[in-house]
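Dear colleague,

Please find below the structure that I am handing over to you. My findings follow it.

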Amino acid sequence: MDSGTYVAASGGLYQIRRLDAVANNLANVSTTGFKKEVLSGETQKFDETLAAAASPADPFAARDQERVTAVTHIESVTDFSPGSLLRTGNPLNVALRGMNQFFSINTPNGVRYTRAGDFTLSADGRLVTSEGFEVVGDSGPIVTTGADAEISASGQVTSGRVPVGAIRVVTVNDLNQLVPEGAARFNLSETGSATPVEPDLITQTVEGANVSVVSGMVELIAAHRAFEAYTKMTQSIDQMNEGAINQVSRSE
């Protein structure tokens, strides 16, 4: 495979991943607390290739440098920039002020973290997320009687004006240690740490997705056109190679 084909193949693969990421971002534009995915690509260095490793034993392998360095490393990164604040008027809806702060929730797979504060009450009066996961309180689950339940700016939950618990809020210093899990949930890696902090909330409000429909559509069109360009590039290279092979065969 020649260098042009490697360039086209690596660029095309990157655009496919980009299309998937942008499409997923747009699909979650209305998901509370969603954080968009951003892709980055990096050109592979020659000393990372198989040709470089084989070159001491095979002098011909060094020639691969001209054709494999176009292959890219594709990395997915979560953009934790804040989303727009949406006023709901729901006394069980809250938004976090701190950028590195998260709510703690209990899931079947353990404690997870989210920016989505569109809470509600389960059938037995427990404060839960929209997906039904239990919200972690300062001393365990938060259970209400269901009467006039509301959450204050300090995270205190009252039911019938009687305090029933406080929402647990944590700060994650290194956001790179958070692994996306679901639409708006994150799992903290073993090397990461979460520190409990005093809640500072915006009541009757939720944080929306940090996705712009207009920007997303522009990026989607750009990625689609770029993929088509790489596809046409590959086809042109194939036609040129085929023509060269036919010309050589006729000259013989």
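The accessible surface of the protein in this predicted model comes to about 13,900 Å², and 53% of that area belongs to carbon and sulfur atoms. Accessible areas come from the Shrake-Rupley method with a 1.4 Å probe; for residues, only the protein chains shown count as cover. Of the 252 residues, 38% count as buried, meaning under 20% relative accessible area.

The protein contains four helices and 19 strands; these are DSSP runs (helices: H or I, at least four residues; strands: E, at least two), numbered from the N terminus. Among contacts (heavy atoms within 4.5 Å) between residues at least 6 apart in sequence, 69% join residues at least 24 apart.

The largest nonpolar core has 14 residues, of which Phe103, Phe119, Leu127, Ile151, Ile167 and Leu201 touch the most other members. Such a core is a set of buried Ala, Val, Leu, Ile, Met, Phe, Trp, Tyr and Cys residues joined through side-chain atoms within 4.5 Å. A second, separate core of nine residues includes Phe80, Tyr113, Val172 and Leu178.

Thr205 lies in strand S19 (residues 205–207). Thr205 counts as buried because its relative accessibility is 6%. Leaving out residues up to four places away in sequence, Thr205 touches Leu85, Leu86, Arg87, Thr88, Asn93, Val94 and Ala95.

Residues are numbered from 1 along each chain as its sequence is written, and side-chain values use heavy atoms, with hydrogens and water left out. Local features need pLDDT of at least 70 and side-chain atom pairs count only at pLDDT 80 or more, while totals for chains, interfaces and linings use all residues.

Note on methods:
Buried means under 20% relative accessible area, exposed over 50%, partly exposed in between (1.4 Å probe, protein chains only).
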